[in-house]
Amino acid sequence: MNLESEILDVNSFKLESSREIQGVIRDLEKVNKDNVLVHIISFIHNTVLVQSLKNELAKVLPNAKIVLLKHEDKTKTQLTIYSLKKEIDPQNLSDEIAKELYTRAVEESASVKEYRNKLFSRYFTDHLTNLPNTYKLRNDLDEFKEFSLVVFNIDNFQMINNFYGYIVGDYVIEKVGKFLKENIPQHHIYKLSGDEFAFIIDREIGFYELKDYLDELYEKMKNIIVEYQDINIYVDFTLASSANRDSKNIFSKVSMALKYAKEIGAKYWIYEDRMNFENEYERNLKLSGIVRDAVENLRVIPYFQAIVDTKTLEIKKYECLARLIDKNGKILSPALFIPVAKKIKVYNTVTKAIIDKSFETFENSEFEFSINLSIEDIMSSEIFNFIIQKLKNSKASRRVIFELLESDAVEDFKKVDRFISEVKRYGARIAIDDFGSGYSNFGYLTRMNADFIKIDGSLVQDIDVDRNALFIVETIVEFAKKLGIKTIAEYVHSSVIMDIVKKLGVDYSQGYYIDEPSVGLLKKDN
């Protein structure tokens with residue numbers, strides 16, 4: 001079928017085998033190559049015919065938008081090509097074609113009107129599962145006065161896609177959609193974006209009734225097995241809903257509950273206003289803007305805290321601590337801005353800024369200085385190469401100490417060993433930070449070839465009142481001495497604590513009793 005007008009050309013073909021593809025391609029040589037929308041409509045998409053047709057169309061119509069749709073005819077594949085002959089924004093192509101079809105339907109014929117209706121129905125249908133989609137869900141939600149919304153997400157879908165490939169991933173989504181229609185027949189199932197589904201309960205449900213309902217639903221849905229070419233693929237879900245009477249922004253509220261459930265590993269979560277998820281999201285958005293602005297305007301700087309010889313109280317080193325200054329001059333601690341920097345992908349820039357400014361401060365100083373690194377920093381080739389270049393070109397290379405968090409999980413000790421070996425070639429040394437707080441402790445220490453142990457502050461700050469903390473610190477000091485490793489006590493906040501760590505034989509001390517972090521350095525005789 002070929003329909004032509006001054007604005008829109010529609011070319012349709014029906015194919016039964018791959019042998020017909022070249023004939024279709026020849027017929028398309030005269031088609032306008034700009035503003036083209038292609039619909040390939042078939043029973044399944046992972047056939048040789050569909051994939052070959054898609055590849056050949058991409059060659060002859062490189063700028064076309066190609067959409068895969070489904071119909072119930074198992075023998076034929078239909079190809080429909082819309083060519084719009086006017087200047088438009090490519091993002092509005094589908095809408096412009098739909099409007100043109102609508103105009104033609106009104107003005108010209110009932111048959112085109114019927115086709116127009118089919119095209120609009122596709123707008124509200126997920127093309128992979130034939131389930132109503134997000135647009136249909138939002139439209140239907142407006143029709144209900146009292147309802148409950150349940151959204152669920154496939155837990156391991158990304159792993160399925162990565163391991164088996166996208167064709168298998170699509171197959172899993174199709175089978176899950178079919179399973180849901182068959183096993184929850186009392187509800188209309190909606191296919192949302194990605195690997196999410198939803199349904200509406202046509203009445204309000206209180207918290208406890210909803211909790212029982214989700215428990216029962218989860219048991220029905222857990223451990224779904226999708227069989228693909230003799231392979232069993234296991235599918236699990238996380239569910240979410242809302243117990244609020246106010247249905248305003250219900251979709252956003254349930255989506256926040258779903259995200260929270262996945263973060264904490266719960267099988268489902270029910271949103272309630274008292275949870276203040278919106279406030280947390282608003283705070284995170286504001287903080288993201290503050291962090292991005294500070295990074296772009298070079299307002300991430302190191303503060304310095306003195307570390308003294310425990311016996312003589314002489315300053316020997318400084319720890320370089322990351323701080324962020326917002327545009328109003330307020331100082332933010334790393335506990336607040338580092339997680340956000342990681343989420344918005346500026347963390348490497350923060351790390352490099354602290355390293356760069358710390359080296360600059362101590363380039364011509366006699367003091368040693370330490371810089372904190374996470375396991376993520378060590379695993380990053382970008383940060384590793386930056387550090388090596390800095391060590392090669394700085395006079396401070398033999399005075400820098402890299403502090404590695406003992407509490408960080410290490411999955412690849414080969415990379416850690418490589419990092420430690422390389423930085424030590426240039427005279428840098430290694431300290432294990434927060435020692436005593438993590439899960440690996442002494443076994444971890446023996447593998448790290450450390451020069452210093454920084455005893456965790458949560459132990460040090462209580463050694464005057466907690467006998468167990470005192471015993472642990474004493475054990476760490478004795479163990480370190482046997483290995484020839486120097487010790488540093490953190491959180492020395494009083495003269496009493498200072499006297500105890502001196503008595504225990506701790507080599508160096510650090511804390512508010514000695515010095516608070518600041519932008520400048522203390523004089524050595526302070």
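This is a predicted model: local features need pLDDT of at least 70, side-chain atom pairs count only at pLDDT 80 or more; totals for chains, interfaces and linings use all residues.
Helices here are DSSP runs of H or I with at least four residues, numbered from the N terminus.

**View 1. Lys253 sits in helix 9.** Helix 9 covers residues 250-264, and Lys253 belongs to it. Is Lys253 buried or exposed? Lys253 has a relative accessible area of 6%, so it counts as buried, the cut-off being under 20%. While you are here, look for Ala240 as well: Lys253 and Ala240 are 13 residues apart in sequence, and their C-alpha atoms are 9.4 Å apart in space.

**View 2. The largest pocket holds about 970 Å³ of space.** Its lining is made up of 35 residues, and those closest to the pocket centre are Glu319, Leu321, Pro334, Asn372 and Asp433. Several elements each give at least two residues to this lining, among them strand 14 (315-325), helix 11 (334-343), helix 12 (347-362) and strand 18 (429-435). Sorted by class, the pocket lining has 16 nonpolar, 9 polar and 10 charged residues.

**View 3. The structure holds 1 cavity of 30 Å³ or more.** Which residues line the largest cavity? They are Ile307, Lys317, Tyr318, Phe369, Ser370, Ile401, Glu403, Ala431, Lys454 and Ile488. By class, 6 of these lining residues are nonpolar, 1 is polar and 3 are charged. To find your way around, follow strand 14, strand 16 and strand 17 (400-405), each of which supplies at least two residues of the cavity lining. Strand 14 and strand 16 also each supply at least two residues to the lining of the largest pocket.

Note on methods. Residues are numbered from 1 along each chain as its sequence is written. Side-chain values use heavy atoms; hydrogens and water are left out. On a 1 Å grid over the protein atoms alone, a cavity is a set of points where a 1.4 Å probe fits but cannot get out, and a pocket is an open set with protein on both sides within 12 Å along at least five of seven lines; lining residues have an atom within 4 Å of a point. Grid points are joined across faces, edges and corners, and a volume is the space filled by probe spheres set on the points. Ala, Val, Leu, Ile, Met, Phe, Trp, Tyr, Cys and Pro count as nonpolar, Asp, Glu, Lys and Arg as charged, and the others, Gly among them, as polar. Buried means under 20% relative accessible area, exposed over 50%, partly exposed in between (1.4 Å probe, protein chains only).
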